[in-house]
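Please read the following points alongside the sequence and the model.

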Amino acid sequence: MPQFIIFYRWPARFCHVEARSGCCNGITHFHKKDVVMMLLSLLANPAVRADLNSIPSRPAKRLATKHKRLRLAEGVSLWLAMLLMLFVHPLYADASQMEMEQPGQLYLMDGQNSWRQPALILKSDFKVQVSGLLAQTKLTREFRNTSDRWQEGVFVFPLPEKATVYGLTMTVGERRVVGRIEPKAKARQIYETAKSAGQHAATVEQQRPNLFTSRVANIPPGETVRVEVDYQQAVSYRHGEFELRLPTTLTPRYIPGEVVAETPKQWQSGWALPTSQVPDAHEISPFTVRPEDVDGQSHRARIHLDIESGFPLAEVTSPSHSLQTEIDGSRVRVQPEGDEVLMDRDVIVRWRPVTGREPAAAVFYQQWQGEDFLMAMVLPPETVGPVLRRELMFVIDTSGSMAGESIIQARSALLRGLDTLRPGDYFNVIEFNSQARSLFERPVPAEGHYLARARHYVQGLQANGGTEMAGALSLAMTMDQAPAEGLVQQVVFITDGAVGNESALFGQIRQSLNERRLFTVGIGSAPNMHFLREAARWGRGEYTAIHNSGEVNRALEGLFSAMEAPVLTGLAVNWPSQGQNLAPVPGKPGDLFRGSPLVQVVRGLPAGGELEVSGQLPGGRRWNTRLNLGNAATATGLNRQWARGRIDELMDAASLSGESPDEQGIIDLSVRHEVMSPFTSFVAVEEKQARPETELLESEQLPTLLPAGSQAGMLRYPQTATFWPLLSALGLVGLMFALAIALLSRRPAL
């Protein structure tokens, strides 16, 4: 008969059950309710009851007696104690603390307190137009109300990192309402007023640079409301390949800090509450469910890309989806195979120029409302300098969000990193979840026995616990402050970035990095690319992302090559400004790494003259190149790209100085260029009343789908705030005591 060992840690709602038998072992996640049913089934089994008779009592006095009734009673009591530990205590805690953990989130529960499918069916349509280095996307969300009541839909969704939202349109039937941009507080007031008045209304606001919330009020029973969001993103170009990423879901964020006592009464949604470190936790924590938990038509997306590259393309590929492509010279139409895709992973599309036609430089020009805008891309030369002797600190995320396919990718990435070490290098390995731990007390030489020990250690890493990044960063950046002479200190940070306190972590990187460089490796099907990109930027390094295990070598080849040394340092960019205030974005470009271009946008300069870029190559040699701006290609969206970059720089400057950002200045810039910012939102309201005053309005937060490859421990279902779990547990325990008494009464007296 197999043996079961149950591991449980309060207050988690899931426990590990390890099954041991003669042929195999296995560890499985079970909900505690399922474990209770398993134990009840075991108690009902005659063979198990016979086994219980053989359980010896522990006190020495009882070992002397042969009374089978007492031994049976003791065996039953052991099972009851296990059930009390697993079920009663945590459920009592859930019932008593639920008001604080999940305030008011009752609308997704049916009368039996179990999950029911949302009343709203969500569909999405991505229409993407790529021209040169910019991609314009019209994202249409359809909210179809399948209930017989008026609904408000709330949906938290990701967008690409550095996405610039510049438009909102709401369509009800044949009526289209174009949204306007307003200060965030005013936009919320306009929306709430319209919602209370029964008017159709929609709003979109930014929670993070890559995380947004859409609210749609007064969706009629049986009707559909469409919300169109227009946004722009820069196309990534590195190592001779262009890449576009369209996020469709997100990995639930880890929320550190203590829960704050005062919580907002309105605009509250999600499974998390505000904390001392993440004050907006309730706004970035949508519920996460399986695809089978929603309607079979919901959370599907149609995706169409039209790419005009300007040069012949050799291939178009995707590591995330099978593609249908139509290539016509420099133009290609792309869509995933099938009419719709499930919104459980990022959609990634890559295209590569024909060999020998890779761009070394490009210039684009736009005139907008009487102002000139120029964008230039310049690639550094392909040069190899002296190989650096390095001290590499590998930091790997082993938190619960990395369980499943992600931890496999992370282990493979770290093992690949160990393979790049050369004689003379030093290294260490740090893993972190709820705590950070290093393999060695200090960095050790990259020699055989140390490397063998590290590989064995990495292969045994498992994912569990919280995502306390601050401790890991602190350990990595304070260990061995005085490295051996000539060693360059580098940190490789391997994570899915599933944290809510990004801003605090960026500040820690800035303050503690010193002479180190930080390189990030994104893991999983829906990583937090905002954290990965910005952490590498503040760490004066590079970043990459691994979508699946088959991509490990390909993704890391370019990163580890770049880590050998920056190609160009001391970068200087000289525009023919003629004394004009150009305000280039970024204002101070950092070092350039192999295969990564310089991209800069300026305002107020016509397409003429020459741009000069210069810097220092490895070994101290100077390099410079000139670019004729008169050959600039016509483009659109440069003003938005400049405005978004300028807003980011104003936010960065305030963060560096420890002061509050110039909120009014950012609002003015946002409104003038019609791009969303942390202090502005889009809102659209139809003037006439739609919902009768006699009809009530229900609110429903639509969940996101569990990212592909994640395990069930990342699911986030709504909970009720009643004492039914405690009452059910007490009733169950009473029933089990009655069962034990019945078993005792049936046994014949000795």
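1. A cavity is found on a 1 Å grid over the protein atoms alone, as a set of points where a 1.4 Å probe fits but cannot get out, and its lining residues have an atom within 4 Å of a point. This is a predicted model, in which local features need pLDDT of at least 70 and side-chain atom pairs count only at pLDDT 80 or more, while totals for chains, interfaces and linings use all residues. Residues are numbered from 1 along each chain as its sequence is written, and side-chain values use heavy atoms, with hydrogens and water left out.

2. The second largest cavity is lined by Thr251, Ser401, Ser406, Asp496, Ile523, Gly524, Ser525, Ala526, Pro527, Pro707, Ala708 and Ser710. Its volume is about 50 Å³, where a volume is the space filled by probe spheres set on grid points that are joined across faces, edges and corners. Its lining has 5 nonpolar, 6 polar and 1 charged residues, with Ala, Val, Leu, Ile, Met, Phe, Trp, Tyr, Cys and Pro counted as nonpolar, Asp, Glu, Lys and Arg as charged, and the others, Gly among them, as polar.

3. The largest cavity has a volume of about 110 Å³, and there are 5 cavities of 30 Å³ or more by this rule. Its lining consists of 16 residues, and Pro158, Asn210, Pro247, Pro527 and Met529 are the ones that lie nearest its centre. By class, this lining holds 9 nonpolar, 3 polar and 4 charged residues.

4. Helix α12 (residues 638-657) and helix α13 (residues 663-673) have axes that come within 10 Å and cross at roughly 170 degrees. Helices (H or I, at least four residues) and strands (E, at least two) are DSSP runs, numbered from the N terminus, and axes are lines fitted to C-alpha atoms, for helices over the stretch in contact, with angles running from 0 to 180 degrees between N-to-C directions. The two helices are therefore roughly antiparallel, since angles under 35 degrees count as roughly parallel, over 145 as roughly antiparallel, 65 to 115 as roughly perpendicular and the rest as oblique. In contact (heavy atoms within 4.5 Å) are, among others, Trp642 and Leu650 of α12 and Ile666 and Leu669 of α13.

5. Which way does α8 run relative to α9, roughly parallel or roughly antiparallel? Helix α8 (residues 469-478) and helix α9 (residues 502-512) pack at an angle of about 10 degrees, with their axes 10 Å apart, which makes α8 roughly parallel to α9. Their contact involves Met469, Ala470, Leu473, Ser474 and Met477 of α8 together with Leu505, Gln508, Ile509 and Ser512 of α9, and by class it has 6 nonpolar, 3 polar and no charged residues.

6. The axes of helix α6 (residues 405-419) and helix α11 (residues 552-563) come within 10 Å and cross at roughly 45 degrees, and α6 and α11 are therefore oblique to each other. Among the residues that meet are Gln409 and Arg416 in α6 and Leu556 and Phe560 in α11.

7. Most residues other than glycine have a negative phi, and most peptide bonds are trans. The bond from Val585 to Pro586, however, is cis, with omega near -5 degrees, and Pro586 is in the loop between β31 (569-574) and β32 (598-603). Gln369 has a positive phi, near 50 degrees, and lies in the loop between β22 (361-368) and β23 (371-378).

Methods: 1 Å grid on protein atoms, 1.4 Å probe; cavity = no way out; pocket = protein on both sides within 12 Å on 5 of 7 lines; lining within 4 Å.
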